[in-house]
Amino acid sequence: MNPFPVYPLFDLTPVRAEGSYLYDAEGRAYLDLYGGHAVISIGHSHPHFVKRIGEQLERIAFYSNSVQMPLQDELAEVLGELSGYPDYQWFMVSTGAEANENALKLASFHTGKHKVLCFTGGWHGRTSAAVAVTDDPPIVAPLNAQHAIHRVALNDVHALREAFDWDGENLCAAIVEGIQGVAGVVEPTVEFLQELRKLCTEYGVALVLDEVQSGAGRTGRYFAHQWAGIRPDLITLAKGLGNGYPVAGLMIAPSFHARYGLLGTTFGGAHLACAAALAVAEVTRDSQLMAHASAVGEPWIEDLRGLEGVVEVRGRGLMIGVQLDRPVAELRQRLLREHGILVGSAGQKHTIRLLPALSISADDTARFTEVFEQELKRR
Ligand code: PLP
């Protein structure tokens, strides 16, 4: 049997990782500015993460949601405080798509409606409803295309109002990323998010904020939508939540009444997942990684803006999209091969994505800028 090919592969086989670096079997170091698709938040193999998971593994690794789980209560408490949503409920799953799938399902149960408003460039995962609201036709199978959706151009406030005028009564949810990741780091404007919040409230539509990529402190606040001063009804979280341990979750506004049968999972929220997410939240809080993400990220964004060949730099904190005047594929390979630097791509072929650990040092970001400047001049 052979592994199913999932993505095109880099010529890199990491065998060890620490902080912002990966190491291959020969001991060559690679600066990781992609964090394995925005997953690494507190840094690879952080000692507190390793210790907490290791100790938990020795006690009990797993039991399902059918027993008392004080670790889940502890995590809900810590995340509630850290995120600014202490009054929300917390439901745990294992992946980002699953979190979005459950958010849409809960919105549909709650409102009794079934159509979902979504946006151009949106990317929400590969499960049934999550992929149907994703703006990436080649990954939507005929089976997924059965869902009722209404797609509007991101940041077009006029089109947004028209969509609610026309379809507001049919919508159970509107789903939007805090900052669009796969699209190439594209921010919804403050005006757009505020208008969306207003219209959702007016029409009884659940506002779902997909913070799978932009959450967990990456933009300098716990969630990217907090820069727009809105409060969603449902917030999904994955990637950085577990720093590589597969853990995800859904924050649910108090207006949603829980009842058995609405949601369920076998693996979600078991002991090891809670230990991993707790370790990440504790390090994020105690090492002030959100403030660090802004302190390192904002000047980095400014430096990148000044480089020849850079058309636009988008994003906040350590969620950065750099759009060039050329396709990025060859440049990414050169950065890896010749400089040992790993950067991400995006759906948009002229954009690289920088999504490093929130603990990255200013020396490492400066090293990248220097190398990048040389490479951009090379052509
Ligand atoms: N939502 C967003 C914004 C994402 O970027 C992704 C993955 O890239 C997902 C959802 C899906 O997450 P997962 O791959 O964990 O299912």
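Valine 313 has valine 322, in strand β12, as its bridge partner. The model is a predicted one, in which local features need pLDDT of at least 70 and side-chain atom pairs count only at pLDDT 80 or more, while totals for chains, interfaces and linings use all residues. Residues are numbered from 1 along each chain as its sequence is written.

The two strands concerned are β11 (residues 310-316) and β12 (residues 319-324), which pair in the antiparallel sense over six bridges; strands are DSSP runs of E with at least two residues, helices are runs of H or I with at least four, both numbered from the N terminus, and pairing requires at least two DSSP bridges between two strands. Two residues lie between the strands of this hairpin, where glycine 317 takes a positive phi near 55°.

Turning to the helices, α9 (residues 289-305) packs with α11 (residues 362-378) at an angle of about 15°, their axes being 10 Å apart, where axes are lines fitted to C-alpha atoms over the stretch in contact and angles run from 0 to 180 degrees between N-to-C directions. That angle makes α9 roughly parallel to α11, a description used for angles under 35 degrees. In this packing, Val296, Trp300, Asp303 and Leu304 of α9 meet Ala362, Thr365 and Thr369 of α11, contact being counted when C-beta atoms, placed from the backbone, lie within 7 Å.

Finally, the ligand is surrounded by 15 residues, and the closest are Thr95, Gly96, Ala97, Gly125 and Val212; a residue is near a molecule if its C-beta atom, placed from the backbone, lies within 6 Å of it. Helix α4 (residues 96-111) supplies the largest share of this shell, three residues.

Terms used:
Angles under 35 degrees count as roughly parallel, over 145 as roughly antiparallel, 65 to 115 as roughly perpendicular and the rest as oblique. Two residues are in contact if their C-beta atoms, placed from the backbone, lie within 7 Å.
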